[in-house]
Amino acid sequence: MTDHDTEHHAGGPAEWDERYSASNRIWSGAPNGTLITETAQEIPGRALDVGCGEGADAVWLARHGWQVTGLDVSAVALSRAREAAKDAGVEIEWVHGGLVDAGLSAGAFDLVTAHYPALPKTPGHNTERTLLGLVAPGGTLLVVFHADFDTQHLKDRGIDPEDYVWMSHAVAALDDKWTIEVNERRPRQIPAGGDARHTADLVLRARRASPDGERN
C-alpha cells in the first residue's frame, strides 16, 4: 500500500477497513519513488499493484501507459482508489481480495509490484509462489519493504513478524528461472506527507525468464 507502514497496520480485511474508515485519507497520495525509479526503463504492459491502498501507485502506472489491476483486501481503500482513478481520468481494474484468494490468472502481468505489503504466510510458501507466479515470462517483480523494523515493537502491538512474508522469503522463493537485477538496501524516498520514521528500504527487482530461456 502506498507509503504503507506495515508495523502499525498489519491485519485482515476488517482491520484494514477500520483503519481506513478512521480517516479521510491514510497515505500521502503520491506514488512511491522506488516505483518511479525502478520502472523507468520498463516498456508499459499489464501491471498488478498488490496492496494498492488508495491507488496512488496504480494511478501513476496507468498515467504512464500501463494496463493496471489494483488489488487490496480493504473495500474502503478500493473505493477511494476508484475515485482517485476517476479524478485522474484513467481506467484501472480493481480487485477486492487477498493475494492468494483473489483468483488472478498466473502469468498475467508484465509487472507485479508490492510496496510495503502485509502478506500473511501460508502453508507451503503459497503466498510467495502466488506472487511470483503472477509474473509473465519476461516480466518483472518489484517488491519493497521497510528496513530496520523493530521486532519487539511489532509483538507489543499484537503483530508476530513470523506470521508474515518479508524480503528474505521473497528472495528465497526465486529459482533459476529468475534473474535478480536489484537486491539492495537504499535510502527511502519519502513522499510529501509520508511517514518520515522509516528512512531505509529493502528493494528487490527480479526478471522472470522469457520463453526462449533468456532473462532480459
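Predicted model: local features only at pLDDT ≥ 70, side-chain atom pairs only at ≥ 80, totals over all residues.
Me: In what order do the strands of the open sheet come?
Reply: The order is β3-β2-β1-β4-β5-β7-β6, which makes 7 strands in an open sheet with mixed pairing.

Me: Which ones are the edge strands?
Reply: They are β3, residues 92-96, and β6, residues 178-187; each of them pairs on one side only.

Me: And how many degrees does the twist average?
Reply: From one strand to the next, the twist averages 15°.

Me: What holds paired strands together in general?
Reply: Strands of a sheet pair through backbone hydrogen bonds, in either a parallel or an antiparallel manner.

Me: How many bridges does β4 share with β1?
Reply: There are 4 bridges between β4 and β1 (residues 46-50), and the two strands pair in the parallel sense. Within this pairing, Leu-48 has Val-112 as its bridge partner, and Asp-49 stands opposite Thr-113.

Me: What about β5? How many bridges there?
Reply: Strand β5, residues 135-146, runs parallel to β4 and is joined to it by 6 bridges. Leu-111 stands opposite Thr-140 of β5.

Me: Which strands does α6 touch?
Reply: Helix α6 packs on the sheet and touches β1, β4, β5, β6 and β7, and its direction makes about 130° with that of β5.

Me: Where does α5 lie?
Reply: Helix α5, residues 75-88, lies across β2 and β3, and runs at about 175° to β3.

Terms used:
Residues numbered from 1 in each chain as written. Heavy atoms only, no water. Pairing = 2+ DSSP bridges. Axes fitted to C-alpha atoms, helices over the stretch in contact; angles between N-to-C directions. Contact = heavy atoms within 4.5 Å.
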